Amino acid sequence: MDLLLGVILLLTTVVVANIIHLIYPKIPLSIYQIVAGVLLASLPTATTNFTMHPELFMMVIIAPLMFNDGQNQSFHYLSRNFRSILSIAVALALVTVIIAGTVLHLALPQTFPFALAFMLAAIITPTDAVAVKSITSSMSVPENVDGALEYESLFNDASGIVLLDLALAAYQSGDFSIGHGLWIFVYVFFGGIIFGAILGSLLIKLRIELMRSHVDIGSIVIPINVMTPIVIYWLAEELHFSGILAVVAAGVVHSILYNRLRLTSTKVQIATTTTWSIISDALNGLVFVLLGVLLPQVLRRTSLANLGRLFIISLVLYLIMTVMRYCWVRFKLVKIDSHRNQLNRDSILMAIGGIHGTITLSLAFSLPVMINHHAFAFRNSMILIAAIVILISLLVGAIVYPMLLPAKTQSYTPAEFRQQLIATVQYALNQLRSQTKHSPEQAVVIDQLSTQMNQYHQFNQQRYNQLMNRAHKVEMQTLDRLNEENTITDREANFYAQFVSHAILRNNQHGLLEYFQLLWHRLKWHRFRRKHLHQHLAANPQLAVDPQQPLLAVKQQRQAILKVLKVVTKNVENYLQSIENTTNANEVALIRRVYLQQVQLFSRGQDLDADVITGLFIEAFQWEHSFVQEQLASGQLSQELANALNEQISTDELVYAQSLD
């Protein structure tokens, strides 16, 4: 029970940190998550005293993250830039570990023997593209730098893990052979890639067979996809391959499948992408929240003097790695397709972009608590050094990147997008209303289509009340006119007046004038109804004793209200259409819904034609796309805004199509 409560608290903390970042996005999300974790650790409960299990942590959290990164990559880009990726993700990682570890050992030989120094260097070498994106989300990063950072983080994670395993094995045994270590590196590194690619291909064949058997459904495909990294990691580790490289290779192989099936099994692909997006965000957040939760535990076991010493070590290691990254790009040991006059700028961006995050923290947590049946005394210090390196890299990136990169700009503002989307939906609604045949199905489609505007429009209660008051005035004026023209009887007018009075009284936003107007209409129609009722009974005395008369009266009352309501609703609709604009579109849509619901209330038993509704929806979405294209052709919209509108319309269309199942 404590474990379940702990997981719930962690996920809740992740969500709270995400909300705060949404409100104030200038600070990187990972910083919010770490701070939230520290606050969570301060709660007076033993539930937050988490104990990390390294193997379980790597298999359940890191393996899914790496698999998802792999299946989001382009195999074409990987094959075309294979040498550059090997240079920055393998060669740079290896050289950085050697140099950083050597410097650390030479500076503090008594504290850090070679194996331990290399362990620490391997932990802090991997980079985190997600952490970079959390900082640069509002900045325009050069495409070549952005791509290089992303693919580096995909493979240097595995390099760091393999090097850590080698250093840990040497520390445990007290012996290390260069030849044997090189062979183990090749076996673990490339063996993991080959093993993961083979298993990934087999799973793809399984999925294709399921599709051929018409079983390509989310309840089967998505669970298989989610379980894939966990199973592949476990099997690879059992064979002493790199489990992380195996899941990355399997993910890349899966990316080939998604490229080939881009326009097939669309619903399953969208569901899979959404599922992995949620899993990835949650797991990334969990890692940083765990860092915040465990930091107080680590700090409590560290003296103040030792803390200052560890901070200096962390700062020196970060500077070594940053200088190494700058030199590696500046002296063209890796090609990132930089122009000659932009090489220095790109080198600085690549150096600062070596931000550490999830994998560094995970590797630190994965350190064993016991080595050779003795407590691993350096584990606490190494976790703290890794955490400080992460914080330094995040803070430097958050400060330097805004100084070097321009803010990301769009050819349109959110307000322009909202205004154009409302105009697009209104165009489709007007096209629907222009059809000569008015049907209940048309009213339903108009009401549902109006919801496209809701999420981009701020509801104004005062404007809604004003428009509703005017709509009720149109009702009363229509009743007077129908009664004067003898289109409806006094009795029918009175029935409808009773119905309207209840509706108005439920809306307590009406003023005193509206109540007096309503009272005047009620008294007038009530007087006319009594006069005509006495005349009608005098001419037909048998109606007064008819036992079926109450039931007949109820039925007639419902029919009378529906008869009047249809006429009134049409007039109200014409009025609303005449005053509708992009400012009051949402309030007008809500008022239309009120009248639609009233008609549906008195039309119970009337079946709607689902095929007609579907056809009208298809027409409406086509009109929306056509309107966007017309606006684009006339120069009223930019290409970027038109693309955003078409994407929104297509998403709404897909959601409607899924609702038909």
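1. Asn156 is buried, because its relative accessibility is 2% (buried means under 20% relative accessible area, with a 1.4 Å probe and protein chains only). Asn156 belongs to helix H8 (helices are DSSP runs of H or I, at least four residues, numbered from the N terminus). The model is predicted: local features need pLDDT of at least 70 and side-chain atom pairs pLDDT 80 or more, while totals for chains, interfaces and linings use all residues. Residues are numbered from 1 along each chain as its sequence is written, and side-chain values use heavy atoms, without hydrogens and water.

2. The side chains of Asn156 and Thr127 make a polar contact at 3.2 Å (a pair of N or O atoms within 3.5 Å, one able to donate a hydrogen and the other to accept it). Beyond four places in sequence, Asn156 is in contact with Ala89, Ala93, Thr125, Pro126 and Thr127 (heavy atoms within 4.5 Å).

3. Asn156 also lines the second largest cavity, as do Thr127, Glu152 and Arg325, among others. A cavity is a set of points on a 1 Å grid where a 1.4 Å probe fits but cannot get out, and lining residues have an atom within 4 Å of a point. The volume of this cavity, about 90 Å³, is the space filled by probe spheres set on the points. H5 gives the most to its lining, with four residues.

4. The count of cavities of 30 Å³ or more is three.

How values were computed. Helices (H or I, at least four residues) and strands (E, at least two) are DSSP runs, numbered from the N terminus. Buried means under 20% relative accessible area, exposed over 50%, partly exposed in between (1.4 Å probe, protein chains only). On a 1 Å grid over the protein atoms alone, a cavity is a set of points where a 1.4 Å probe fits but cannot get out, and a pocket is an open set with protein on both sides within 12 Å along at least five of seven lines; lining residues have an atom within 4 Å of a point.
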